[in-house]
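Q: I'd like to learn how to read a fold from its coordinates. Can we start with contacts?

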Amino acid sequence: MFDKLKEQPADSLLALIKAFHADPRQDKVDLGVGVYRDEQGRTPVMRAVKLAEKHLLETQDSKRYLGPEGDLTFVNLLKPIIFGAGRDLLDQIVGIQTPGGSGALRLGAELVAAANPNARVWLGTPSWPNHAPIFRSARVAVADYRFVDLEMQKIDFARVVEALSSATAGDVVLLHGCCHNPTGIDFTAVQWKQIAALLVERKLVPFIDLAYQGLGDGLEQDAEPARLILDAVDEAMVAYSCDKNFGLYRERVGALYLVSRNSRELQIADTNMASLARVNWSMPPDHGAAIVRAILESAELTEIWKTELQEMCARVNGNRAALAAAHPDLAFIALQRGLFSNLAISKETVAALRLKHGIYMAVTGRMNLAGMQPADAGAIVKALHAEGSLNAPAA
Ligand code: LMR
């Protein structure tokens, strides 16, 4: 049987992790996979997480099965953080715990395929390289449209309007809620309003991927676009990840939320999520969700977590400012948000930066700005100049 299989390439983002670790150079810089790093270049376990784990160690008395929906207390504790405390909208949302944001995307894609096999998902590119494969593997057709001009570091909003205007009623529109991966370029408030109006007019279903809440401008600010969209439309889906903002990457902590004005349909959709989860993973892994739950159930731990997240956010934005200040042609980096910026450079240049200068980034030219120190800005600019991607560095 296995002789029929074709060899598959390693995931190019995840392969960077090993390549970087194998590089003996002391002055190497890892701008590769999207994880937060501190001043020492480590991805530490957050203090709030350590305290929550200690609490779990002392108090958890069972690891019995939950159900396909996972820990609904975890799912519900996140709701006010994502959707806003005290809002009517909260009653029009159901959720299920998933293995990371990827699990939420996969489950959402399967729900689309089950509900409307003719639906296409509209995907603005460049996007996270796993988006299109996740939808395609769930048999959802992907309609992609190039909406960011990397040379200009600008959104081509006319392309967005054109794409959504040619979508069919019932099609799904994938939107990055904040901290666009890979470009760091988010829609402006005005553009979000226009998108909301188009979704309503064209009867399209937004599928918001919110994987970096709190790492752009702050927890509340980063959720505003999603809330604006959800207030406008009749139905929506939100894939949420706690892997970044709680630093729980390998624990795989996420949730899929469905929004509908029709409570009966919402309840039926909820049962569909549960049965899809059952055939995929039976139930999601508990430990990471239990950590998040323990944090959010404690006012003290929540405060510690929020403070740490603010520190992380400030560090990333400080790195952005340092790199932007190091060369006028990189000034755009300070205006973008989240972990990433995407340079308009060739894969040959990316390879040369790695081989000759020890600077690692995704093959597409995406940089994880959390991976650098402000003091690396000069070396990054020099390397880009040496490879012909920037004019002479400012004196
Ligand atoms: C990234 O974009 O680097 C992260 O989301 C990690 C991943 O799974 O690709």
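Q: What am I looking at, and how is it numbered?

A: It's a predicted model, where local features need pLDDT of at least 70, side-chain atom pairs count only at pLDDT 80 or more, and totals for chains, interfaces and linings use all residues. Residues are numbered from 1 along each chain as its sequence is written, and side-chain values use heavy atoms, leaving out hydrogens and water.

Q: How many helices and strands are there in the protein chain?

A: Helices (H or I, at least four residues) and strands (E, at least two) are DSSP runs, numbered from the N terminus. Here you get 13 helices and 13 strands.

Q: Which residues of helix α12 are buried?

A: Buried means under 20% relative accessible area and exposed over 50%, with partly exposed in between (1.4 Å probe, protein chains only). In α12, residues 347–357, the buried ones include Thr-349, Val-350, Ala-352 and Leu-353. They cover an arc of only 160° around the axis (judged by directions from the helix axis to the C-beta atoms), so they sit on the same side of α12.

Q: Why do residues three or four places apart point the same way?

A: Because an α-helix has 3.6 residues a turn.

Q: What covers the buried residues of α12, and what is exposed on the other side?

A: The cover includes β12 (359–361) and α13 (377–386). On the other side, Lys-347, Glu-348 and Leu-355 are exposed. After α12 comes Gly-358, with a positive phi near 70°.

Conventions
Contact = heavy atoms within 4.5 Å.
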